[in-house]
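These are my notebook entries on one structure, kept in the order in which I looked things up.

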Amino acid sequence: MRFLKPKFWDYKNSMLSYLLLPVSFFLQILLRLKKKFSNPNSFNIPVICVGNIYIGGTGKTPLVITIAKELEILGKKPSIIKKYYAEHADEYNLISHQANCLYVDKDRTVAISKAQKKQHDFAILDDGFQDYSIKKNFNIICFNSNQLIGNGMTLPSGPLRESLSGIKKANIIIINGKKNDIFEKKIKDISNEIKIYYSRYV
């Protein structure tokens with residue numbers, strides 16, 4: 001799905017960003033309440049989540065496909081889990097052509113259950129870091145070096161689904177693009193336990 005982001009998301013001290021702050025605060029309160037009152041579902045197979053906090057493309061899907069292929073090399077039977085959206089049909093077809101283990105449903109927990117019944121031994125979530133209905137065993141968060149966190153604000157004041165502090169739940173950060181020592185320090189200030197790696201498209 002193509003997404004045209006507002007230009008002010010890239011710039012700090014934008015008047016429009018500050019005007020939208022009350023809405024951003026309200027949405028973040030809703031997100032925290034949702035997290036607090038969620039009862040995560042556990043599964044009999046490990047759940048790896050490849051997600052982001054920046055709305056839009058950060059390289060999640062190519063990484064998910066790569067992880068699935070690497071697990072197959074190791075003799076495992078992974079599944080790729082995506083939430084169903086009618087407008088994402090092309091993306092589902094693209095994944096299916098490269099990895100024949102895609103399960104799609106409006107409810108990700110249902111898709112994981114289907115994969116589990118088909119004897120898959122791993123579930124790889126393509127997106128879903130903010131889905132608190134699922135207990136994840138391992139979290140990978142993706143960033144793109146061209147945008148990183150934009151103006152650093154949450155929706156709709158900025159491009160973030162949640163504040164950068166949300167990455168403390170992550171095990172690994174993968175930055176698609178150039179090395180950035182300043183951003184690495186921001187990550188380490190939040191959690192020194194997070195491993196940081198870089199990727200590039202081939």
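**Entry 1: the second pocket**

I began with the second largest pocket and listed its lining as Thr58, Gly59, Pro62, Leu63, Thr66, Cys142, Ile174, Asn176, Ser199, Arg200, Tyr201 and Val202. For this I worked on a 1 Å grid over the protein atoms alone, where a pocket is an open set of points that a 1.4 Å probe fits, with protein on both sides within 12 Å along at least five of seven lines, and where lining residues have an atom within 4 Å of a point. I noted that the elements giving two or more residues to this lining are H3 and strand S6 (172–176), and that H3 supplies the largest share, three residues. Here helices (H or I, at least four residues) and strands (E, at least two) are DSSP runs, numbered from the N terminus.

By class I recorded six nonpolar, five polar and one charged residue in the lining of the second largest pocket, counting Ala, Val, Leu, Ile, Met, Phe, Trp, Tyr, Cys and Pro as nonpolar, Asp, Glu, Lys and Arg as charged, and the others, Gly among them, as polar. Its space comes to about 260 Å³, a volume being the space filled by probe spheres set on the points, which are joined across faces, edges and corners.

I must keep in mind that this is a predicted model, in which local features need pLDDT of at least 70 and side-chain atom pairs count only at pLDDT 80 or more, while totals for chains, interfaces and linings use all residues. Residues are numbered from 1 along each chain as its sequence is written, and side-chain values use heavy atoms, with hydrogens and water left out.

**Entry 2: Asn176**

Not counting residues up to four places away in sequence, Asn176 touches Thr58, Gly59, Phe143, Asn144, Ser145, Ser199, Arg200 and Tyr201, contact being heavy atoms within 4.5 Å.

**Entry 3: the largest pocket**

For the largest pocket I noted a volume of about 1300 Å³. Of the 39 residues that line it, Ile55, Gly56, Lys60, Asp127 and Arg161 are the closest to its centre. The elements that give two or more residues to this lining are helix H2 (21–36), helix H3 (60–73) and strand S2 (78–83), and H2 gives the most, with five residues. The lining of the largest pocket divides into 14 nonpolar, twelve polar and 13 charged residues.

I also looked at Gln28, which lies in helix H2 and is buried, with 13% relative accessibility. What is Gln28 in contact with, leaving aside its neighbours within four places in sequence? I found Thr154, Arg161, Glu162 and Ser163. Gln28 and Thr154 are 126 residues apart in sequence, yet 7.9 Å apart in space, C-alpha to C-alpha.

**Entry 4: cores and aromatic rings**

Of its 29 residues, Ile81, Ile112, Phe143, Ile167, Ile173 and Phe183 touch the most other members. The elements giving two or more residues to this core are strand S1 (47–51), helix H5 (108–117), strand S4 (122–126), S5, S6 and H6, and H5 gives the most, with three residues. Apart from this core lies another, of 20 residues, among them Leu71, Ile124, Cys142 and Ile172.

I counted two aromatic pairs, taking rings of Phe, Tyr and Trp (its six-membered ring) as paired if their centres lie within 6.5 Å, with planes under 30 degrees apart as stacked, over 60 as edge-to-face and the rest as tilted. Phe143 and Phe183 form an edge-to-face pair, 5.0 Å centre to centre with 75° between the planes. Phe143 lies in strand S5 (residues 138–144) and Phe183 in helix H6 (residues 181–190), so the pair ties together parts that are 40 residues apart in sequence. Both Phe143 and Phe183 are buried.

**Entry 5: backbone**

Last, I checked the loop between S5 and S6, where Pro156 has its place, and found that the peptide bond from Leu155 to Pro156 is cis, with omega near 0°. Leu148 is also in the loop between S5 and S6, and has a positive phi of about 50° although it is not a glycine.

Technical notes: Buried means under 20% relative accessible area, exposed over 50%, partly exposed in between (1.4 Å probe, protein chains only). A nonpolar core is a set of buried Ala, Val, Leu, Ile, Met, Phe, Trp, Tyr and Cys residues joined through side-chain atoms within 4.5 Å.
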